[in-house]
Amino acid sequence: MAIPHLTAADGTTLPAIGLGTYRLNGSAGVDAIGQAIRAGYRLLDSAVNYENEGAVGRAARAAGDVRDALVVTSKLPGRHHRYDEALTTIEESVFRTGLDRVDLYLIHWPNPTVDLYVQAWQALIEARERGLVTHIGLSNFLPEHIDRLVAETGVAPVVNQIEVHPYFPQQEAIDYHREHGILVQGWSPLGHGNDLQQHPVIVEIATAHGVSPAQTILAWHVTRQVIPLPKAASPQRQLENLDVFGIKLTDAEVEAITALGRPDGRLADQDPAVYEEF
């Protein structure tokens, strides 16, 4: 199944959908991720804090000829933002995957009160120059954090991974990233533990297109040029989540889904201005 790609300002291209791998660990995780690669996924999202870089790397190494088409992602945890610690952590990520490089490396959270994210970004820049990683980006960064990084280092991220789903559509953030040529990845794109897939607006649009509510939500992301990262372990769900690029939502349908946004729409109240994760 051919997946379209989106292009950042520096020419970096990323698949328009990826696989979330949180809690896909151990041998079962290797099997699930391997299935996803065979189904057509080429963007695999991991993190040091997911404790599954080994499983992701093993599945990627077993992918054979498609390895070079894979974008294996990991993320730097907040406890290792200091420059030297960050570089060592990135090296350990490469070792754990068993690959010769990590294709995309992100800072997981800015942790602004600690205020070491500029050091962390400088370490990612150095890791890219050393060939430890191919592309570098961010996760959960606000525009003011990004502006500071660019002002102090002259290097912009290729991507920022943020919480995006119909209850938290992030239109202003998406507009900012588009203006600056930064790709947006959406975590928890289908919501998590809420009633999003049963919402009457979603169900009505899904029924009109003859697709599932999950496919409808993923098509909404794709239409907005957000790269969704749905997690799925079963082959059926993996294939269903990939099969969204032929769904053509109308502008009115996109607007109706976006209108579901709520002031308190975050899943766990994780506002990057104050929330910190180590």
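Trainee: I'm looking at β4, so which residue there is the bridge partner of Leu-19?

Mentor: Let's start with the general idea. Strands of a sheet pair through backbone hydrogen bonds, and they do so either parallel or antiparallel. Keep in mind that this is a predicted model. Here, Leu-19 has Leu-44 in β4 as its bridge partner. The two strands, β3 and β4 (residues 43-45), pair in the parallel sense over 2 bridges.

Trainee: And what is the strand order of the open sheet?

Mentor: There are 8 strands, and the order runs β3-β4-β5-β6-β7-β8-β9-β10, with parallel pairing.

Trainee: Which strands stand at the edges?

Mentor: Those are β3 (19-20) and β10 (226-228). Each has a single partner strand, so one side of each is left without a neighbour in the sheet.

Trainee: Okay, on to charges. How do I read a salt bridge?

Mentor: Side chains of opposite charge can pair when their charged atoms come close. In this model the count comes to 13 salt bridges. Have a look at Asp-45 and Lys-75, whose side chains meet at 2.8 Å, N to O. Asp-45 belongs to strand β4 and Lys-75 to strand β5 (residues 71-76), so to speak distant parts of the chain, 30 residues apart.

Trainee: Are Asp-45 and Lys-75 buried or exposed?

Mentor: Both Asp-45 and Lys-75 are buried. Now try Glu-91 and Arg-130, another salt bridge, with the closest N and O atoms 3.8 Å apart. Glu-91 is in helix α3 (residues 83-97) and Arg-130 is in helix α4, 39 residues apart.

Trainee: What relative accessibility do Glu-91 and Arg-130 have?

Mentor: Glu-91 has 27%, which makes it partly exposed. Arg-130 has 48% and also counts as partly exposed.

Trainee: Which residue forms a salt bridge with Asp-115?

Mentor: That's Arg-148, and the closest N and O atoms are 2.6 Å apart. Asp-115 lies in the loop between β6 (102-107) and α4, while Arg-148 lies in helix α5, so the pair ties together parts that are 33 residues apart in sequence. Asp-115 is partly exposed at 38%, and Arg-148 is partly exposed at 28%.

Trainee: Which residues are linked in a network of salt bridges?

Mentor: Follow Arg-67, Asp-68, Asp-100, Arg-101 and Asp-103: salt bridges link them in a network.

Trainee: Now the rings. How do I describe two of them together?

Mentor: A pair of aromatic rings is described by the distance of the centres and the angle of the planes. The count here comes to 3 aromatic pairs. One of them is Tyr-117 with Phe-141, at 5.5 Å centre to centre and 90 degrees between the planes, which is edge-to-face. Tyr-117 is in helix α4 (residues 117-130), and Phe-141 is in the loop between β7 (133-139) and α5 (143-153), 24 residues apart.

Trainee: Are Tyr-117 and Phe-141 buried or exposed?

Mentor: Tyr-117 counts as buried at 4% relative accessibility, and Phe-141 counts as buried at 2%.

Trainee: Which charged end sits over the ring of Tyr-117?

Mentor: Arg-148 again! Its charged end is 5.2 Å from the centre of the Tyr-117 ring. Recall that Arg-148 also forms the salt bridge with Asp-115.

Trainee: And which residue lies over the face of Tyr-167?

Mentor: Arg-262 does, at 3.7 Å from the ring centre.

Note on methods
Residues are numbered from 1 along each chain as its sequence is written. This is a predicted model: local features need pLDDT of at least 70, side-chain atom pairs count only at pLDDT 80 or more; totals for chains, interfaces and linings use all residues. Side-chain values use heavy atoms; hydrogens and water are left out. Rings of Phe, Tyr and Trp (its six-membered ring) pair if their centres lie within 6.5 Å; planes under 30 degrees apart count as stacked, over 60 as edge-to-face and the rest as tilted. Helices (H or I, at least four residues) and strands (E, at least two) are DSSP runs, numbered from the N terminus. Buried means under 20% relative accessible area, exposed over 50%, partly exposed in between (1.4 Å probe, protein chains only). A charge sits over a ring if NZ of Lys or CZ of Arg is within 6 Å of the ring centre and within 35 degrees of the ring normal. Two strands pair if DSSP finds at least two bridges between them. A salt bridge is a side-chain nitrogen of Lys or Arg within 4 Å of a carboxyl oxygen of Asp or Glu.
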